[in-house]
Amino acid sequence: MTEHTNQGTPPNRQHGATDHERVTDSVGGSIAMRSDEVLDWPRRIHRFFHANPTAAPAIVLIAAVLAFSLIAGERFLTPFNLSLVLQQVTIIGALGVGQTLIIMTMGIDLSVGAIMVLSSVVMGRLAVDFGLPPSMALLLGLFCGAVCGAINGTLVTKIKLPPFIVTLGTWNIFFSLNLWYSNSQTIRSQDIEAVAPLLQWAGNSFSVFGARITFGSLMMIALVGLVWYALNWTAWGRHVYATGDDKDAAELAGIRTQRVLMSVYIVAGVICGLAAWLMIGRIGSVSPQVGTMSNLDSITAVVIGGTSLFGGRGSIVGTLIGALVVGIFRNGLALAGVDVLWQEFTVGLLILVAVGIDQWIRRASA
């Protein structure tokens, strides 16, 4: 009886079912495999670019370097010229880091350039006109950037105004305060050098194999590394990504999204203050008219760098690559004798291509 109840399906039926399943699996599997082979590479490409936001801008950067080395000749690939490109994108790269944090949370900041200039004027006037110690003037300039960022964050998180409208309004406000506080006057480089050389320190440079590397460029790279670490290896960074990807889901997971957004705007403001220090080192003087439109350049670097305008996806390293792409294109086209008009045309075209690639990746991953 034991043998009868525990035998299960007869051996011939087992073999028959197995053979049938093998035939079905082999036929269906081959059909599925063939259909996968047709769709496999496009899907792999989509998934690759979605998982690696910096891949597309990195490919563009490498292609641009190779192309301009042929178009512009030997002058382009000289260590001095490449280091010059790095110097030219230092300020935009720093501002782009703060802009990336905001765009990752489905926002946008049109006031970063005005915050930077206002912070530089605060640093310059406090040190030169009011005689404060340069280190104190520098810290108060960074604090000014933090306050401006907190104002933007409060209007977005507490008053619930759209980030675009908020920063469009504060851009005009900060720019007006900048002109009022500076009396529309430039603080000369000689005056800063005599009283507060610390403010110009970022513009000092050293030579490496013919390349001129400024301390400001190294500070910008260090800033990129620091924020990259914060985004990828801290709880705060994970909360930033989660808030930008799906704010409602993040709140259900216990993330205080309003606090995260406020912290993002404050950090971005401090970064704008740091960019103000870099700008003083770059141009040597403090001018209320220089850099007020840097907000557009920072957005350009972020978009070309692969950060999605819809939030939740992006990379700080990609922003640095995006800034370098813009710098390489402008420098290479200038060496090739292309008019400035067509240089700006090319940058605009790059923006459209970058947004198109982002849309394509989002549709593919949806």
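**Close-up 1. Asp 191 pairs with Arg 188 in a salt bridge, their closest N and O atoms 3.2 Å apart.** A salt bridge here means a side-chain nitrogen of Lys or Arg within 4 Å of a carboxyl oxygen of Asp or Glu. Asp 191 is partly exposed, at 29% relative accessibility. Buried stands for under 20% relative accessible area, exposed for over 50%, and partly exposed for values in between (1.4 Å probe, protein chains only). The model is predicted: local features need pLDDT of at least 70, side-chain atom pairs count only at pLDDT 80 or more, and totals for chains, interfaces and linings use all residues. Residues are numbered from 1 along each chain as its sequence is written, and side-chain values use heavy atoms, with hydrogens and water left out.

**Close-up 2. Arg 125 and Asp 129 meet through their side chains in a salt bridge.** The N to O distance is 2.9 Å. Both residues sit in helix H6 (residues 112-129). They are four residues apart, so about one helical turn separates them. Helices (H or I, at least four residues) and strands (E, at least two) are DSSP runs, numbered from the N terminus. Arg 125 is buried, with 17% relative accessibility. Asp 129 is partly exposed, at 45%.

**Close-up 3. Arg 330 and Glu 344 form a salt bridge.** Their closest N and O atoms are 3.3 Å apart. The pair links distant parts of the chain, 14 residues apart: Arg 330 belongs to helix H15 (residues 316-335) and Glu 344 to helix H16. Arg 330 is partly exposed, with a relative accessible area of 24%. Glu 344 is also partly exposed, at 41%. Asp 297 joins Arg 330 and Glu 344 in a network of salt bridges. The structure holds four salt bridges.

**Close-up 4. Seven aromatic pairs occur in the structure.** In one of them, the ring centres of Trp 201 and Phe 215 lie 4.8 Å apart and the planes meet at 10 degrees, so the pair is stacked. Trp 201 is in the loop between helix H9 (189-195) and strand E1 (205-208), and Phe 215 is in helix H10 (residues 215-233), so the pair ties together parts 14 residues apart in sequence. Rings of Phe, Tyr and Trp (its six-membered ring) pair if their centres lie within 6.5 Å; planes under 30 degrees apart count as stacked, over 60 as edge-to-face and the rest as tilted. Trp 201 is partly exposed, at 34%. Phe 215 is partly exposed too, at 27%. Ring pairs link Trp 201, Phe 206, Phe 215 and Trp 277 into a cluster.

**Close-up 5. Helix H16 (residues 340-365) gives the nonpolar patch its largest share, eight residues.** The patch covers about 890 Å². Its members include Ile 45, Trp 342, Phe 345 and Ile 357. Patch residues have over 30% relative accessible area and no salt bridge; like charges are joined within 9 Å, and nonpolar side chains (Val, Leu, Ile, Met, Phe, Trp, Tyr) within 5 Å. Accessible areas come from the Shrake-Rupley method with a 1.4 Å probe; for residues, only the protein chains shown count as cover. Trp 342 is partly exposed, at 47%. Ile 357 lies in helix H16 and is partly exposed, at 31%.

**Close-up 6. Lys 158, Lys 160, Lys 247, Arg 256 and Arg 259 form a positive surface patch.** Lys and Arg count as positive, Asp and Glu as negative; His and the chain ends are not counted. Each charge is placed at NZ of Lys, CZ of Arg, CG of Asp or CD of Glu. Lys 158 lies in the loop between helix H7 (134-157) and helix H8 (163-182). Lys 158 is exposed, at 60% relative accessible area.
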